[in-house]
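Morning, everyone. Please have a look at the structure on the screen, and then I'll walk you through it.

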Amino acid sequence: MESLNRHEDYGQESLDETHLLSDPIEQFKIWLREAEAAQIYEPNAFVLGTVDEHSHPRTRTVLLKGVDERGFFFATNYLSRKGEAVAVNNNVSATFGWYSMYRQVLIQGTAEKVDPAESDEYHASRPHDSQVAAWSSHQSKPIDTRSALDTQFEQALAKFENTDVPRPDYWGGYRIVPTRIEFWKGRSNRMHDRIEFSRSTLADGSLGQWQVQRLQP
Ligand SMILES: Cc1cc2nc3c(=O)[nH]c(=O)nc-3n(C[C@H](O)[C@H](O)[C@H](O)COP(=O)(O)O)c2cc1C
């Protein structure tokens, strides 16, 4: 086996419950802004985990396109593998790995399709060719050749030349409504800091108050 036995010192900067905001979504926004300021490549990229109808997990990277008190917004093809998985099991995870800052945020929650009007609004904000791409790729479906894919794109470009591109009904946003958000900060000697916020779903379907606890590294 090739050895990958590197030992990087993750430093002394600590993470203390008393330094974090009591609202983990607000705290997440601060870390996201700090990741942007640190000029990390694609700071809003995260690894989305889903579980399909056979209970098989699958992860892939997507881009966070918005965050507010309701949760974490991303856009994709509803008929993709991730879309099919979410349709049968909407439990998902999201991992933000800001490794050069020795930081990681782990999120668990449920993914819900956003209102069509919100998907329309986001679609309208995208560059024309990205809008066309949503029409010309049946995401996660097989295709014989690259040139067949290029032809699909060129045909869609021609179809929508000089016209507004409507949003395909199979493409839009999801919002991850979080029930667990962990802030991880690497420390020396693998004695990392882990502060986890969690909340439960109450009998009436509403979400309880955030609770906070420290986890062992
Ligand atoms: C940096 C990066 C950002 C990506 N952003 C998105 C995205 O926002 N939405 C999306 O559908 N796919 C995005 N992808 C592609 C996905 O990783 C994945 O290939 C695609 O969504 C199909 O996944 P699925 O077959 O599991 O559904 C991104 C990939 C990378 C590497």
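Let's start at the ligand. Strand S2 (57-63), strand S4 (71-77) and helix H2 (81-88) each give at least two residues to the shell around the ligand. Helices here are DSSP runs of H or I with at least four residues, strands are runs of E with at least two, and both are numbered from the N terminus. S2 gives the most, with 5 residues.

Before I go on, a word on the source. This is a predicted model, so local features need pLDDT of at least 70 and side-chain atom pairs count only at pLDDT 80 or more, while totals for chains, interfaces and linings use all residues. Residues are numbered from 1 along each chain as its sequence is written, and side-chain values use heavy atoms, with hydrogens and water left out.

Which residues surround the ligand? Among them are Arg-58, Thr-61, Lys-82, Gln-139 and Ser-140. By class, the shell has 3 nonpolar, 5 polar and 4 charged residues. Nonpolar covers Ala, Val, Leu, Ile, Met, Phe, Trp, Tyr, Cys and Pro; charged covers Asp, Glu, Lys and Arg; the others, Gly among them, are polar.

Now the individual distances. A side-chain N or O atom of Arg-58 sits 2.8 Å from a ligand oxygen. For Thr-61, a backbone N or O atom is 2.6 Å from an oxygen atom of the ligand. Ser-140 has a polar side-chain atom 2.6 Å from a ligand oxygen. How much of the ligand does the protein cover? The answer is 67% of the 620 Å² of accessible area that the ligand has on its own. Such areas come from the Shrake-Rupley method with a 1.4 Å probe; for residues, only the protein chains shown count as cover.

Next, the database record. Under "binding site", an unreviewed UniProt entry lists Lys-65, Tyr-122, Arg-126, Ser-130, Arg-190, Met-191 and His-192. These positions use the numbering used here, feature names are shortened, and annotations may be inferred rather than shown by experiment. The listed residues span 128 residues of sequence, and in space they reach up to 43.7 Å between C-alpha atoms.

Take one of them, Arg-190. Where is Arg-190 found? Look in the loop between strand S7 (171-185) and strand S8 (193-198). Arg-190 is partly exposed, because its relative accessible area is 37%. The cut-offs: buried is under 20% relative accessible area, exposed is over 50%, and partly exposed is in between, with a 1.4 Å probe and protein chains only.

Two buried residues next. Glu-182 is in strand S7. At 4% relative accessibility, Glu-182 is buried. Its side chain makes a polar contact of 2.7 Å with the side chain of Arg-194. A polar contact is a pair of N or O atoms within 3.5 Å; within protein, one must be able to donate a hydrogen and the other to accept it, and residues adjacent in sequence count only if both atoms are side-chain atoms.

Arg-103 is in strand S6 (residues 103-113). Arg-103 is buried too, at 8%.

Last, the whole protein. There are 5 helices and 9 strands. Of its 217 residues, 38% count as buried. Along the principal axes, the C-alpha atoms fill a box of roughly 55 × 50 × 40 Å. That's my tour, thanks.

Terms used: Near = heavy atom within 4 Å.
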